[in-house]
Amino acid sequence: MGRLKYDHTAEAIGIEDETLAHLKVVVATKLRRQESFMMTWLPVDGGSNGRMSAWIHPAVPLVFMFDSADAHSINAKRLEEMMQATNATGELLLEDLIRVEIA
């Protein structure tokens, strides 16, 4: 399981490497276009925080950390679905894709 570290003050969130690879493409595409958006997820353990959201913005540091050194193949259909969902609502709901773990 890889990690997504957003902002220097927030805890990294654990996301399975294959999903993290797709997320990286979606986030990079949106930010390259200067398009900010909301990203929401549910911690794996349901934690005391319940649903969590972050405003993804080009000015905030973002690091994708993969457990595997091997690059994952990108499924074009999955990527398109993620982009369409994000573009339609302005929010990427990771809970629809996977449950993530707060590291």
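The questions below go from the overall fold to single residues.

Modeller: Before we start, this is a predicted model, in which local features need pLDDT of at least 70 and side-chain atom pairs count only at pLDDT 80 or more, while totals for chains, interfaces and linings use all residues. Residues are numbered from 1 along each chain as its sequence is written, and side-chain values use heavy atoms, with hydrogens and water left out.

Colleague: In what order do the elements of the chain run from the N terminus on?

Modeller: The chain holds 2 helices and 7 strands. Helices (H or I, at least four residues) and strands (E, at least two) are DSSP runs, numbered from the N terminus. The order is β-β-α-β-β-β-α-β-β.

Colleague: What percentage of the residues in the chain is buried?

Modeller: Buried means under 20% relative accessible area, exposed over 50%, and partly exposed in between (1.4 Å probe, protein chains only). The chain has 103 residues, and the buried share is 32%.

Colleague: Which residue in β5 is the bridge partner of Lys5?

Modeller: Two strands pair if DSSP finds at least two bridges between them. β1 pairs with β2 in the antiparallel sense over 3 bridges, and there Arg3 stands opposite Gly14. β1 also pairs with β5 (residues 62–65), again antiparallel, over 4 bridges. In β5, the partner of Lys5 is Val63.

Colleague: How many Å separate the C-alpha atoms of Met39 and Ile56?

Modeller: Met39 is found in strand β3 and is buried, with a relative accessible area of 2%. Contact means heavy atoms within 4.5 Å; leaving aside neighbours within four places in sequence, Met39 is in contact with residues including Leu4, Leu23, Ile56 and Leu92. Met39 and Ile56 are 17 residues apart along the chain, and their C-alpha atoms are separated by 6.7 Å.

Colleague: How far apart in space are Phe37 and Leu92, C-alpha to C-alpha?

Modeller: Phe37 is also a residue of strand β3, and at 0% relative accessibility it counts as buried. Not counting residues up to four places away in sequence, Phe37 touches Val27, Ile56, Thr86 and Leu92, among others. Phe37 and Leu92 are 55 residues apart in sequence, yet their C-alpha distance is 7.4 Å.

Colleague: Why do the buried residues of α2 line one face of the helix?

Modeller: The buried residues of α2 are Leu79, Met82, Met83 and Thr86. Taking the directions from the helix axis to the C-beta atoms, these residues line one face because they fall within an arc of 95°.

Colleague: Which elements do the buried residues of α2 pack against?

Modeller: On the other side of α2, Lys77, Ala88 and Thr89 are exposed. The buried residues pack against α1 (17–32), β3 (37–41) and β6 (91–93).

Colleague: Which residue caps the N-terminal end of α2?

Modeller: α2 covers residues 76–89, and Gly90 follows with a positive phi, near 80°. At the N-terminal end, a side-chain oxygen lies 2.9 Å from the backbone nitrogen of Lys77, and the residue that supplies this cap is Asn75.

Colleague: Is Gln34 buried or exposed?

Modeller: Gln34 is found in the loop between α1 and β3. Its phi is near 65°, a positive value in a residue other than glycine. With a relative accessible area of 60%, Gln34 is exposed.

Key:
Expected span 1.5 Å × (residues − 1). Polar contact = N/O pair within 3.5 Å; in protein donor to acceptor, adjacent residues only side chain to side chain.
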